[in-house]
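Subject: Handover of a protein structure

Dear colleague,

Please find below the structure that I am passing on to you.

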Amino acid sequence: GDLGNYVVDGVGTLTIYPTDQANDKIFLQFEEFVVESQATCAYDFLEIYDGDDLSNLVGKYCGSTLPNSIQSTHPTGAVTLVWSSDYSITYSGFKANVTVIDPSTIVQLGDPNSTTTNGRVPSYGYYDYSWSALIYTAVEVGAPITINELSFDVENNINTTMTNQRIYMAHTTLDVFPNGNEPISGDVTISDWTLVYSGGIDWSQGWNAITLDNEFSYNGSGNLLIKTTNEHGSWTTSYPEFRYTAKTNSVVYNYNDG
């Protein structure tokens, strides 16, 4: 129910630890945030720290914009909140979900024994230039996780390097792609568009792990969109064929020569 506005002259510090500090990390995701606004957050504010010692400030927040999701990187797995309100003007405050993430979690999607393959998604090497995108639903992905590696299963016997590859990730409200258009930043159904990898990718038969340049914090509630762009600039007959599980309208792609 509605608990009303926060009080004036409020101050407090809360440190949240996971039960298993050796292996788990706290993941904080905001659902509501309405705090008195001021350009430098000098009146009422929430400070968020990575860890339990107030040495690593993630951000200082006020106003009505939701803070980004935060996952601890501290050895203790903790996140610390510092709250302060001044002598006047109060609002409804904030609401956040607190969950625990095991960074060693591996999520495998689809049927690993599937015999169907396709060379167009997640990356299409036959043409000089291409892009591919796919959607995994929240039901498929599951609980919040920090994604620092992607793996795709190559079925055919190849050893090839595709240069100038980029991988993007985002949360989306889309369950399927409504048309053949390329998903791009600015689409109203896409938030937090993130370039997670840029460089060459070595493809060979079997599972191919790609260590991301930038981790992506999956929130456990949105659907996950992954897009790759291929700017290799030359075609090859030894491009990878990926093992997949059939699912209607969950991928989209396009390609071009020259």
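I begin with Asp 153, which is buried because its relative accessible area of 9% falls under the 20% limit. The side chain of Asp 153 forms a salt bridge with that of Arg 243, at 2.8 Å from N to O. Asp 153 belongs to strand β10 (residues 145-172) and Arg 243 to strand β13, so this pair ties together parts of the chain that lie 90 residues apart in sequence. Arg 243 itself is partly exposed, with a relative accessible area of 28%.

Please note that this is a predicted model. The average pLDDT of the protein is 92, and 99% of the residues score at least 70. Among the elements, the highest mean pLDDT, 98, is found in strand β6 (residues 79-84), and the lowest, 84, in strand β5 (residues 70-71).

Salt bridges

The whole structure contains five salt bridges, one of which is the Arg 243 and Asp 153 pair described above. Another joins Lys 247 to Glu 140, with the closest N and O atoms 2.9 Å apart. These two residues are 107 residues apart: Lys 247 sits in the loop between β13 (242-243) and β14 (251-256), and Glu 140 in helix α1 (residues 138-141). Lys 247 is partly exposed at 34% relative accessibility, and Glu 140 is likewise partly exposed, at 34%.

A further salt bridge brings together the side chains of Arg 166 and Glu 231, at 3.4 Å from N to O. Here strand β10, which holds Arg 166, is linked to the loop between β12 (223-230) and β13, which holds Glu 231, across 65 residues. Arg 166 is partly exposed at 27%, as is Glu 231 at 39%.

Pockets

By class, the lining of the largest pocket holds 24 nonpolar, 12 polar and eight charged residues.

The second largest pocket has a volume of about 420 Å³. It is lined by 14 residues, with Asn 68, Ser 69, His 171, Asp 192 and Ser 217 closest to its centre. In this lining the largest share, six residues, comes from β11. Four nonpolar, eight polar and two charged residues make up the lining of the second largest pocket.

With kind regards

Terms used
Residues are numbered from 1 along each chain as its sequence is written. This is a predicted model: local features need pLDDT of at least 70, side-chain atom pairs count only at pLDDT 80 or more; totals for chains, interfaces and linings use all residues. Side-chain values use heavy atoms; hydrogens and water are left out. pLDDT is the predictor's confidence in each residue, from 0 to 100. Helices (H or I, at least four residues) and strands (E, at least two) are DSSP runs, numbered from the N terminus. A salt bridge is a side-chain nitrogen of Lys or Arg within 4 Å of a carboxyl oxygen of Asp or Glu. Buried means under 20% relative accessible area, exposed over 50%, partly exposed in between (1.4 Å probe, protein chains only). Ala, Val, Leu, Ile, Met, Phe, Trp, Tyr, Cys and Pro count as nonpolar, Asp, Glu, Lys and Arg as charged, and the others, Gly among them, as polar. On a 1 Å grid over the protein atoms alone, a cavity is a set of points where a 1.4 Å probe fits but cannot get out, and a pocket is an open set with protein on both sides within 12 Å along at least five of seven lines; lining residues have an atom within 4 Å of a point. Grid points are joined across faces, edges and corners, and a volume is the space filled by probe spheres set on the points.
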